[in-house]
Amino acid sequence: MKLFDVYSLYDIEPVRGSGNYVYTADGTEYLDLYGGHAVISVGHAHPHYVKAVSEQVAKLGFYSNSVENSLQERFAEQLGRISGYEDYSLFLCNSGAEANENAIKLASFHSGKAKVLAFEKAFHGRTSGAVAATDNPKIVAPFNRTPNVEFVPLNDIVAVEERLRTGEFCAVLIEGIQGVAGIHCPENDFLKQLRELTRQCGVSLILDEIQSGYGRTGDFFAHQYAGIRPDIITSAKGIANGFPMGAVLIAPHFEATKGMLGTTFGGNHLACAAATAVLDIFEAEGLVENARKMGAYLIEELGKIPQLKEVRGRGLMIGVEIEGSGAEMRKRLLKEYHIFTGGAGASTVRLLPALTITRKEADRFLDAFRKLLNE
Ligand SMILES: Cc1ncc(COP(=O)(O)O)c(C=O)c1O
């Protein structure tokens, strides 16, 4: 059997990782400033993470959601405390898309309405509802197309209000920072107005923090910069440092009924051990603060490079707009300087390093980037 050929691959195979580096079989080292799409939050093979996951799998890797699981309770308590959402409840699943599916479903159950308002260039995942709310016709199959999703421009509160006043919408779904689109931040004022408007209209505000959350921006969730509290928050990616996991944080006014949501694998023992280990490391090493500090440093230094067209983002979620091809730049960073970065669109280089990035690693990237831009 061969693999279904849907991914464009670099001809490099990392077989081992340590901290912010990955290694090929011949021992070649690569600095990882992408974390496999923002997934590696505490670095590769962190000793505490390895110990916690290894010990748990040796004890009990999985049992279903039909029995008590105190690991879920412990993780929920820890996440609530660290994120500032202690009064919310937690539903655990397996991926970002699944978290968004459940968030949309909850909002729809709650209001009895069917429509979702999303934003131009949004990316929310590839499953049925999540991809319908994704503004990219290339990945939306005819089956996924639905009149239940509408798109308006980001930061356009007038357009949002016009749609919400129809009374047809159960939710507004918005990324904390648009990631796949190339790092575009909603304005703080826009988020505040959106919060107010959704409240007035009885529409759930869902913040997709799958890429922008989990400490990456220097706050636990990107929307916390605007001082708002959404009705539902979705999370995944960095939550378990590569172990597949998704989460939905749900405001107290949503009432759970038995069987309303569910999953076989979600919140299993191994996932909870991995996710708890990640938050232990966040606390022990002050990683959210490090993301804030190192992100500010990178953004400031990138801002001094005259050849760059634009530097966008917050904390360690950075998009750099260059003059030429972003793909070519990424390839040269990888091949000539052994640095992994991400892309978006034709001319954006995306940085999504682990929250453990050091000044030395940031400088190594800046030096390489400057050299390539000066050629
Ligand atoms: C903002 C956002 N939402 C949802 C998703 C989908 O997550 P997953 O690939 O885990 O389904 C992604 C993935 O890139 C994302 O960036």
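How do the residues of the shell around the ligand divide into nonpolar, polar and charged? They divide into 5 nonpolar, 8 polar and 2 charged, where Ala, Val, Leu, Ile, Met, Phe, Trp, Tyr, Cys and Pro count as nonpolar, Asp, Glu, Lys and Arg as charged, and the others, Gly among them, as polar. The structure is a predicted model, in which local features need pLDDT of at least 70 and side-chain atom pairs count only at pLDDT 80 or more, while totals for chains, interfaces and linings use all residues. Residues are numbered from 1 along each chain as its sequence is written.

**Ligand surroundings**

- Ser-95, Gly-96, Ala-97, Gly-125 and Gln-211 come nearest among the 15 residues around the ligand; a residue is near a molecule or strand if its C-beta atom, placed from the backbone, lies within 6 Å of it.
- Helix 4 (residues 96–111) supplies the largest share of this shell, 3 residues; helices (H or I, at least four residues) and strands (E, at least two) are DSSP runs, numbered from the N terminus.

**Domains**

- The protein chain is assigned domain 1 (14–46 + 286–374) and domain 2 (48–285), with bounds that come from an automatic or database domain assignment.
- The C-alpha centres of domain 1 and domain 2 are 25 Å apart.
- In the interface, 28 residues of domain 1 are in contact with 28 residues of domain 2, contact meaning that the C-beta atoms of two residues, placed from the backbone, lie within 7 Å.
- On the side of domain 1 that touches domain 2, the elements giving two or more residues are helix 1 (35–38), helix 9 (287–303), strand 11 (310–314), strand 12 (317–321) and strand 15 (348–351).
- Helix 9 gives the largest share of that side, 5 residues.
- That side of domain 1 has 13 nonpolar, 11 polar and 4 charged residues.

- Strand 4 pairs with strand 10 (residues 246–250) in the antiparallel sense over 5 bridges, and Cys-93 stands opposite Gly-246 in strand 10.

**Helix packing**

- Helix 6 packs with helix 7 (residues 188–201) at an angle of about 10°, with their axes 10 Å apart.
- Helix 6 and helix 7 are therefore roughly parallel to each other, a term for angles under 35 degrees.
- From helix 6, Ile-157, Val-160, Glu-161 and Leu-164 meet Phe-190, Gln-193, Leu-194, Leu-197 and Cys-201 in helix 7.
- The residues of this contact divide into 7 nonpolar, 1 polar and 1 charged.

- An open sheet of 4 strands has the order 1-2-3-13 and mixed pairing.
- Strand 1 (14–18) and strand 13 (339–340) are its edge strands, each pairing on one side only.
- Strand 1 and strand 2 (residues 21–24) are paired in the antiparallel sense over 4 bridges, and the bridge partner of Gly-17 in strand 2 is Val-22.

Definitions and conventions. Two strands pair if DSSP finds at least two bridges between them. Axes are lines fitted to C-alpha atoms, for helices over the stretch in contact, and angles run from 0 to 180 degrees between N-to-C directions. Angles under 35 degrees count as roughly parallel, over 145 as roughly antiparallel, 65 to 115 as roughly perpendicular and the rest as oblique.
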